[in-house]
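Biologist: I would like a close look at a single part of this model. Please take me through it step by step, and keep it brisk.

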Amino acid sequence: MKSLDVPVELVFVHGALVRDGAWWWRRAADLLREGTGIRSRALALPSCGETTPEERAGGLVADAAALRRELDDAGSAIVVGHSYGGTVIAEAGRHPAVAHLLYVSSYLPDVGQAQGDIMSGEDDPVSVVANGDGTLSVSGYDAASFGARFLQDADDATRRQAWERVTPQAVDAFVTPTSAAGWRGVDSTYIVCGKDRSTSVELQRTHAARATRWVELPTGHHPFVSRPDLVVDQVQALLRRAQHGAEGAR
């Protein structure tokens, strides 16, 4: 496993049922580049139709393979998993390029857990419907209701842009049990979103307890959109910790 020596870059893995990770991550990426010079990139998830139809059908397995390929091209990486992105990280397994894992309202599943199983205990789960073609879509939402649930702390224009990026996703992203737990043995930070209306704070804290450390922020489900400064603060904090640790080891 790589250390957090510079140069390091961030790889962002977005959540379920949306596309265009670069858009979701852009505000945080811009702040990071301006403040630290750190580059970042967003993974295209096959299960969300961002690569090829053949890969889309692969669901979680295809998403994990895509993450491994992305990491093969990285020297030292902080991998940021949002929501379903944490399950992709788990399935991708241990990768030598990974220096740190940063979770945002996400999941650290054990081997054998599927995304659907993780969410099954929620009191108010996000409603989805089968499309009859091997994919699922969010159900019962429009731009206003989607924004109120997932981005209540963002402005109206941002909510509309987010709704435009909602997309069907392969069923196998939700029903495939993980075959690895790529978070085990890796230094990690978990951001609990204290005002999240999508993933309950209770479920977040359960998974946060598996991380090395966690912090709670007063945000909705997408703080890298609504409060990117707070997310960047956490990235900078973990970089400072790594630097001090390296200096202490000399």
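Modeller: Start with a cut-off: a residue is called buried when its relative accessible area is under 20%. Keep in mind that this is a predicted model.

Take H14 as the way in. H14 sits in the loop between β1 (9-13) and α1 (21-36). Its relative accessibility is 1%, so H14 counts as buried. The H14 side chain makes a polar contact with the side chain of E50, at 2.8 Å. Leaving out residues up to four places away in sequence, H14 touches R19, D20, G21, L43, L45, C48, E50, H82, Y84 and G85.

L17 is not a glycine, yet its phi is positive, at about 65 degrees. With a relative accessible area of 7%, L17 is buried.

Now follow the contacts of H14. H82 and G85 are among them. H82 falls in strand β3 (residues 77-82), and G85 falls in helix α4 (residues 85-92). Between β3 and α4 runs a loop, and S83 lies in it. S83 has a positive phi, near 50 degrees, and is a residue other than glycine. At 10% relative accessibility, S83 counts as buried.

Next comes α4 itself. This helix is mostly covered, with 8 of its 8 residues buried. They are G85, G86, T87, V88, I89, A90, E91 and A92. What do the buried residues of α4 pack against? Their partners are β1, α3 (59-72), β3, β4 and α5 (115-119). In general, an α-helix has 3.6 residues a turn, so residues three or four places apart point the same way.

Past the helix, the chain reaches G93. G93 is found in the loop between α4 and β4. G93 counts as buried too, at 18% relative accessibility. What does G93 touch beyond its neighbours within four places in sequence? G93 is in contact with A180 and G182. The C-alpha atoms of G93 and S179 are separated by 8.5 Å, although these residues are 86 apart along the chain.

Together, β3, α4 and β4 make a right-handed β-α-β unit. Strands β3 and β4 run parallel and are joined by 6 bridges. One example is V80, whose bridge partner in β4 is L102. β4 also pairs with strand β8 (residues 188-193), in the parallel sense, over 4 bridges. There, V104 has I191 as its bridge partner in β8. Is strand β4 enclosed or open? 7 of the 7 residues of β4 (residues 98-104) are buried, so this strand is largely enclosed by the rest of the structure.

Finally, go back to V80 and see what else it meets. W25 is in contact with V80, and also with L10, F12, L32, S40, F224 and V231, leaving aside its neighbours within four places in sequence. The largest nonpolar core has 68 residues, and W24, W25, L67 and F224 touch the most other members. In soluble globular proteins, nonpolar side chains tend to be buried together.

Notes: Residues numbered from 1 in each chain as written. Predicted model: local features only at pLDDT ≥ 70, side-chain atom pairs only at ≥ 80, totals over all residues. Heavy atoms only, no water. Helix = DSSP H or I, 4+ residues; strand = E, 2+ residues; numbered from the N terminus. Buried < 20%, exposed > 50% of the residue type's maximum accessible area, 1.4 Å probe, protein only. Polar contact = N/O pair within 3.5 Å; in protein donor to acceptor, adjacent residues only side chain to side chain. Contact = heavy atoms within 4.5 Å. Pairing = 2+ DSSP bridges. Right-handed = clockwise from strand over helix to strand, strands pointing away. Core = buried A, V, L, I, M, F, W, Y, C linked by side-chain atoms within 4.5 Å.
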